[in-house]
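Here are my notes on the model you sent over.

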Amino acid sequence: MRAVHTAGAPRPAGAYSQGVVAGGFLYTAGFGPQDPVTGGIPEGVGAQTAQVLRNVAAVLAEQGLTLRDVVKVTTHLQHLKRDFAAYDAAYRAFFSEPCPVRTTVGSDLMDILVEIDVVAVVPGTEEAFR
């Protein structure tokens, strides 16, 4: 297991890594919508989703990956029923077909509307799984 760190995403608020490479995959921590430079949080679930995915993309980029390498997304929404459509619209701007599998759940989040973590395949390792 190898930790992945970048200044392009918010620093961990506790005892965890921004990302970890293990077994041919990169697993990210759950990221909120904090701007890594200012700490600011955008208004609205669409803007927050975009910032979260930029944070996730920064961790992936540190390993030479992009959102195209993502195979699994887990999303937590503070207001699942109210915000799902706006979240999904913002999400679609970052992913193209074939989209990764995704689980979206309602969660009690701390002063944010969305949190996302992903699993990405590290290129060259997918052949080992065939």
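1. The bit I'd look at first: D88, R92 and R102 are linked in a network of salt bridges (a salt bridge being a side-chain nitrogen of Lys or Arg within 4 Å of a carboxyl oxygen of Asp or Glu). Keep in mind that this is a predicted model, where local features need pLDDT of at least 70, side-chain atom pairs count only at pLDDT 80 or more, and totals for chains, interfaces and linings use all residues. Residues are numbered from 1 along each chain as its sequence is written, and side-chain values use heavy atoms, with hydrogens and water left out.

2. R92 and D88 form a salt bridge at 2.7 Å, N to O. They sit four residues apart in helix α2 (residues 80-92), so about one helical turn separates them. Helices here are DSSP runs of H or I with at least four residues, strands are runs of E with at least two, and both are numbered from the N terminus.

3. How exposed are the two ends? R92 is exposed at 58% relative accessibility, while D88 is buried at 13%. The cut-offs: buried is under 20% relative accessible area, exposed over 50%, partly exposed in between, with a 1.4 Å probe and protein chains only.

4. D88 also bridges to R102, with the closest N and O atoms 2.9 Å apart. Because D88 lies in helix α2 and R102 in strand β5 (residues 101-106), this pair ties together parts that are 14 residues apart in sequence. R102 itself is partly exposed, at 28%.

5. How many salt bridges are there in the structure? Three. R82 is exposed at 57%, whereas D83 is buried at 7%.

6. On the fold: the chain has two helices and six strands, in the order β-β-β-α-β-α-β-β. Of the contacts with a separation of 6 or more, 70% are between residues 24 or more positions apart (contact means heavy atoms within 4.5 Å).

7. Overall dimensions: the C-alpha trace spans about 40 × 30 × 20 Å along its principal axes. Of the 130 residues, 42% count as buried.
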